[in-house]
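Let's take a friendly walk through a protein together. Have a look at the sequence and the 3D view, and then we will go through some of the details.

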Amino acid sequence: VVMTPSESPREISSGRVLLKGPLLSVGGTEIGGLVTVFAPSADYGQVGVGQPVGFRARVGKPDRRDLSVAVLIATGRPTLGRAPPAQRVAQRIRERFATAATVLPDGPAAMLPGLILGDTSAVTASTTAEFRATGLTHLMAVSGANVSIVVGAVVLVAGLAGPRIAVLAAAPALTGFVLVVQPSASVVRAAVMGTIGLLAVVTARPRNALPALAAAVLVLLILAPQLAVDIGFVLSAAATAGLVLVAPGWSRRLTARGWPKPLADAVAVCTAAQLCTAPLIAALTGTFSVVAVAANLAVTAVVAPITVAGTAAAALTGVWPAAATVLIRAVRPLVWWVLAVAHYGAAAPAAVLAVPSGPAGFLFVGAATVLVALGVRHLRLRAHRRDVGAA
């Protein structure tokens, strides 16, 4: 069997990794289709994205409702080919950045590549559980927020030379970022969703963002039909919908009540994202994070500096290592803060509530979310009538 992984090998147990990607050939005959491969980490753990890998395997039926045509159990040592040049450059940048991050203590050194490039290979299971309990898991995966921050920073700097220059600079920045963090379907989805979110924020025109979001979902499903059963895609689409439809209105109301605009935006975005994704997370995991909004709000101010400085450091590791080290050391307190929020948030009493999983959990948490939203709206209207009556 010869296949090319579309994402980095993911460790699933001690000594075992999972690879996913398209088939190239079986027994020397060209053939297509997506496969899921279980393999020994000692031989397959360093296989790069886009790198052809040949091996002997036992074939099993796929056990998930996706577009995989088979589950393969790899046997023996693999024969590795060469990835495309762009992928090899991206892999070298990832490796150099992970090495450069070791100037930090163990916790931040393991977390920084995850926050910047989605490389969680060195993150411990306990830290992963803490991030899951506090609703911060999205920080360890390349999300639309990463894309928005990186492209937004480029647009902000290049915009000094004019809007056309900003657009011309943003396109290669986005392409390069996607290549470095690995252009799997989930990353492409994040790039599209992040671009839409950035468009909504920059233009302050959420009505225009909604058709763009709908078009992006349709195009992505046409190009990558497997996203139809990808929970990450669903969560991303729901969170982006909350960003472009719900958050702007909430932010305006908070600002009208005297809240500072940055604080109003942060609270609105965190709350909208949590409310729009909570029913889906409940259906998937059977849990509801009570502290997710507070935890996300607590780290909001540090995510952008970490992303911008970390991405710049990753780009500089091969051309100016000393500058990359300075940037990495500079974000150490910020990365420590993210780890501390996850740790103490997960340790809070009743941080995570058990709820039904599956459709029952979706309906239960969804109904509770609607009731809370209606209750808040009712209280706001009562307060408004009282103020009008007093006037």
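In which loop does alanine 350 lie? Keep in mind as you search that you are looking at a predicted model. Alanine 350 is found in the loop that runs between α13 (332-347) and β9 (352-354). What makes this residue worth a stop is its backbone: alanine 350 is not a glycine, and yet it has a positive phi of about 55 degrees.

Now let's turn to charged side chains. Side chains of opposite charge can pair when their charged atoms come close.

Aspartate 43, at 25% relative accessibility, counts as partly exposed.

The other salt bridge is formed by the side chains of aspartate 265 and lysine 261, at 2.9 Å from N to O. Both residues are in helix α10 (residues 261-285), and because they are four residues apart there, about one helical turn separates them. Aspartate 265 counts as partly exposed, with a relative accessibility of 28%. Lysine 261 is also classed as partly exposed, at 47% relative accessibility.

Our last stop is a pair of helices. Follow helix α11 (residues 292-316) and helix α12 (residues 321-330), and you will see them pack at an angle of about 160 degrees, their axes 8 Å apart. Angles over 145 degrees count as roughly antiparallel, which means that α11 and α12 are roughly antiparallel to each other. The crossing of these two helices, α11 and α12, is left-handed.

Which residues make the contact? From α11 come Ala309, Ala312, Ala313 and Leu316, and from α12 come Pro321, Ala323, Ala324, Leu327 and Ile328. Sorted by kind, the residues where α11 meets α12 are nine nonpolar, no polar and no charged.

Note on methods. Residues numbered from 1 in each chain as written. Predicted model: local features only at pLDDT ≥ 70, side-chain atom pairs only at ≥ 80, totals over all residues. Heavy atoms only, no water. Buried < 20%, exposed > 50% of the residue type's maximum accessible area, 1.4 Å probe, protein only. Salt bridge = Lys/Arg side-chain N within 4 Å of Asp/Glu carboxyl O. Axes fitted to C-alpha atoms, helices over the stretch in contact; angles between N-to-C directions. Parallel < 35°, antiparallel > 145°, perpendicular 65-115°, else oblique. Left-handed = near helix turned anticlockwise from the far one by under 90°. Contact = heavy atoms within 4.5 Å. Nonpolar A, V, L, I, M, F, W, Y, C, P; charged D, E, K, R; others polar.
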